[in-house]
Structure formats: C-alpha cells, structure tokens
Amino acid sequence: MPDEAESYTLKAIVYGDEDDLVVATCDVAANGRFSLQLPATVADAYLENAGSNIPDGIEISDPNAQIGMLWLELYADGEYMEDLTYASFSVALPEISISIATPVYSTSNFKMTGSGVTDMFDFDDVEMSMDMRFVKGWNWMVPSVNGNISSMTFTGSSATKLPGGMLWYLEGDFGDLLGR
C-alpha cells in the first residue's frame with residue numbers, strides 16, 4: 001500500500017448528475033487484496049443513455065439501454081487518497097498503447113458496434129471502432145487507445161468477467177507511469 005495507514009477502504013461509486021451513489025464498500029488487506037460485492041441493480045437516477053456521447057457510425061442495438069459507470073476510490077483512515085484503475089499500457093515513444101477496464105452496469109442486453117471519428121485526448125479526428133456486447137447487470141468495458149503523436153485509434157470491447165493481462169494502479173501511479 002502506498003502510505004502507512006491503519007486501515008484502507010475501497011468505495012465503489014456511480015456518479016449521478018446531482019449526487020453520487022456508493023454501491024459497495026470493502027476493506028483492503030495490507031497486501032492490497034480486496035473483494036467487492038456489487039449490487040444486482042443500480043437506481044435509474046444514476047444511469048445515462050448508452051448512446052450518449054458516441055460518434056456517428058456506432059450502432060446500438062437497444063436505443064433505450066441505460067448504463068452507469070463505476071469508479072473505485074481508495075481511502076486511508078477514512079480520507080480519500082486516489083482512484084483505483086485496472087489497466088495495461090505500453091509506452092515506447094512515439095508509440096503508445098493503453099487499455100483501461102471500467103465496471104459498467106447495464107439495464108439490458110445490447111450491442112454497440114461500428115466505427116466513426118471523434119475528438120479525444122487533445123487529438124482531432126481519432127478513428128473509433130467498437131465491438132461491445134453488454135448483458136443486463138455488471139460488465140467490464142475495455143476501451144483501448146493505440147497510436148503515436150500524429151495518429152490515434154480507439155477500440156472498444158467488453159467482457160462479463162475481469163479481463164486478464166492488466167494490473168491495478170492508483171491514479172497517481174498510473175499517471176506517473178504515463179509521464180503525466
């Protein structure tokens with residue numbers, strides 16, 4: 001664990017427009033292990049349309065699908081420390097490859113597929129390709145960004161179980177590793 005503290009707690013939070021919803025908490029062991037039990041459902045007030053903020057060319061099989069993204073916050077002795085991120089990355093400048101797995105609650109089974117162009121990370125016209133399938137309940141959304149200083153591509157995939165090949169990072173450590 002990064003700091004010496006008597007106790008560490010992880011909070012799973014779905015952010016809403018007006019307030020946040022803590023859906024689960026758990027203690028974190030000294031070796032960093034934790035087990036978080038997520039609820040079966042998330043209140044509608046904390047969900048958004050799955051099709052919001054996606055570019056033309058991306059198709060959604062259920063236009064009424066609602067999702068809620070989960071953020072993991074680490075607390076030491078009751079004080080907020082940092083967000084926790086599950087990711088993999090490779091930086092060999094000028095090339096970069098980053099994948100971040102984010103827990104997402106879905107109100108229905110649906111697909112998000114296709115390709116389009118978006119603006120992202122101070123880059124204009126980033127090619128975006130998605131092949132995501134969500135089931136009702138909790139899923140892992142895994143966006144990946146690959147490219148270099150002149151060209152970036154974004155791909156989206158999904159899983160119902162924790163994806164392999166990634167590690168847990170504190171937000172500050174992850175930023176440090178990326179040179180932020």
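**Entry 1, strand pairing.** I began with strand β6 (residues 79-92), which pairs with β7 in the antiparallel sense over seven bridges. A reminder to myself: this is a predicted model. I then looked up how β6 gets to β7, and found a hairpin that joins them through two residues.

**Entry 2, other partners of β7.** Next I followed β7 (residues 95-106) to strand β5 (residues 66-76). These two run antiparallel and are joined by three bridges. Here I picked I67, and its bridge partner in β7 is S106.

I also checked β7 against strand β10 (residues 137-148), and they pair over nine bridges, again in the antiparallel sense.

How many salt bridges does the structure hold? I found one. The side chains of D131 and R133 form the salt bridge, with 2.2 Å from N to O. As background, I jotted down that side chains of opposite charge can pair when their charged atoms come close.

Are D131 and R133 buried, partly exposed or exposed? D131 has 44% relative accessibility, so I logged D131 as partly exposed. R133 is at 45% relative accessibility, so R133 went down as partly exposed too. The cut-off I used for exposed is over 50%.

Terms used:
Residues numbered from 1 in each chain as written. Predicted model: local features only at pLDDT ≥ 70, side-chain atom pairs only at ≥ 80, totals over all residues. Heavy atoms only, no water. Salt bridge = Lys/Arg side-chain N within 4 Å of Asp/Glu carboxyl O. Buried < 20%, exposed > 50% of the residue type's maximum accessible area, 1.4 Å probe, protein only. Pairing = 2+ DSSP bridges. Helix = DSSP H or I, 4+ residues; strand = E, 2+ residues; numbered from the N terminus.
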